[in-house]
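Grab a viewer and work through the exercises below. Try each one yourself before reading its solution.

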Amino acid sequence: MRNLYGVIGDPIAHSMSPVMHNAAFLELQLNHVYFPFHITPDSLADGIKGMKALGIMGFNVTIPHKEKILPLLDKIDPLAKAIGAVNTVVREKDGFTGYNSDGLGFIRALKEEWKSDVSNEKVLIIGAGGAAKAIYYSLVYEGVHSIDICNRTKERANELVEACPFPCQSNVLTLKEAEENLDKYTLIVQTTSIGMSPNIELSPISLQNLKRDTHIVDIIYNPFETKILKDAKKKGATISNGLGMFIYQGAIAFEKWTGITPNIEVMKKVVKNHLGGSTSC
Ligand code: ATR
């Protein structure tokens, strides 16, 4: 019998996780298969019971279920609990355990695509939504000790920092304050939806004060190169888009399910084909 895996969300038809995981299973000749499952918010509890009854070995969780799923699971990993969101569920001996591999996927991509030790970077995160929280908490969890955060709504960034259970030195800034102090940072992470297709001419901040040797990551991958990444390149900075974070959050989930490291190049290739283009990632 084949082992079943999947992803739950609403909507779910657009998800690239099935092609990515099925390609990785196939390449390793594993007798596993990964399906998208459309579960609406009002049937989430029944959906989880169904996943359990059907013997699903693990699944990913996407919008809008990442937070609401926590009380429906048997165990939550400490990082996922701190973030308050789960994107990966693993069937373990005592039931379903929830993990969050979004921020850890971001860090692994950063290490692969930029540099292997990021613990001494001076980081600025732009945005204070769910993605920013996963990245901020994961960076702190991994030992990065200087992370500032700027957001249109400063209060939301304050709440994010104050709720973090792991110690970190952080200043909370407005977008304007961040623009004025950009030369302080060696790593800038753009987590808002600004610049995403179709609004590709927009950027959340001006990069006038950016230093040449800064690295900028935009977690968007549609388009592959957002306005902020284009601006950063013009200033001589190095850049990464969000494709790496997507691939590595999937790779971490894959490792938790199977105990095997998947072939990243295979995963990257099918996702790029699916998106219909090439990228520097
Ligand atoms: P996600 O969970 O994907 O991170 P989210 O929780 O909706 O999404 O967060 C979106 C982020 O983009 C927030 O930081 C938001 O700023 P606010 O907290 O002030 O809402 C930011 N954002 C979205 N649209 C924006 C805009 N037009 N200008 C500035 N920031 C914006």
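Predicted model: local features only at pLDDT ≥ 70, side-chain atom pairs only at ≥ 80, totals over all residues.

Residues are numbered from 1 along each chain as its sequence is written, and side-chain values use heavy atoms, with hydrogens and water left out.

**Exercise 1. Describe the overall build of the chain.**

Step 1: count the elements. The chain has ten helices and twelve strands; these are DSSP runs numbered from the N terminus, helices being H or I with at least four residues and strands E with at least two.

Step 2: check the radius of gyration, taken over C-alpha atoms, against the globule rule of 2.2 Å times the number of residues to the power 0.38. For 281 residues a compact globule would come out near 19 Å, and the chain agrees because its value is 19 Å. Along the principal axes, the C-alpha atoms fill a box of roughly 60 × 40 × 35 Å.

Step 3: look at burial. Of the 281 residues, 51% are buried (under 20% relative accessible area; exposed is over 50%, partly exposed in between, with a 1.4 Å probe and protein chains only).

Step 4: look at contacts, meaning heavy atoms within 4.5 Å. Take those between residues at least 6 apart in sequence: 67% of them join residues at least 24 apart.

**Exercise 2. Work out how helix H1 (residues 17-27) meets helix H10 (residues 264-275).**

Step 1: Two packed helices are described by the angle between their axes and the distance between the axes.

Step 2: apply that here. The axes of H1 and H10 come within 9 Å and cross at roughly 140° (axes are lines fitted to C-alpha atoms, for helices over the stretch in contact, and angles run from 0 to 180 degrees between N-to-C directions).

Step 3: list the residues. H1 brings Val19, Met20, Ala23, Ala24 and Glu27, while H10 brings Val266, Met267, Val270, Val271 and His274.

Step 4: zoom in on Val19, which sits in H1. Not counting residues up to four places away in sequence, Val19 touches Val270 and His274. Val19 counts as partly exposed because its relative accessibility is 33%.

**Exercise 3. Find what the buried side of H1 packs against.**

Step 1: pick out the buried residues of H1, which are Ser17, Pro18, Met20, His21, Ala23, Ala24 and Phe25.

Step 2: follow their contacts. They pack against strand E1 (3-9), strand E2 (32-38), strand E3 (58-61), helix H9 (243-258) and H10.

Step 3: visit E1, where Gly6 lies. Gly6 has a relative accessible area of 0%, so it is buried. Leaving aside neighbours within four places in sequence, Gly6 contacts Tyr34, Phe35, Phe37, Gly58, Phe59 and Asn60.
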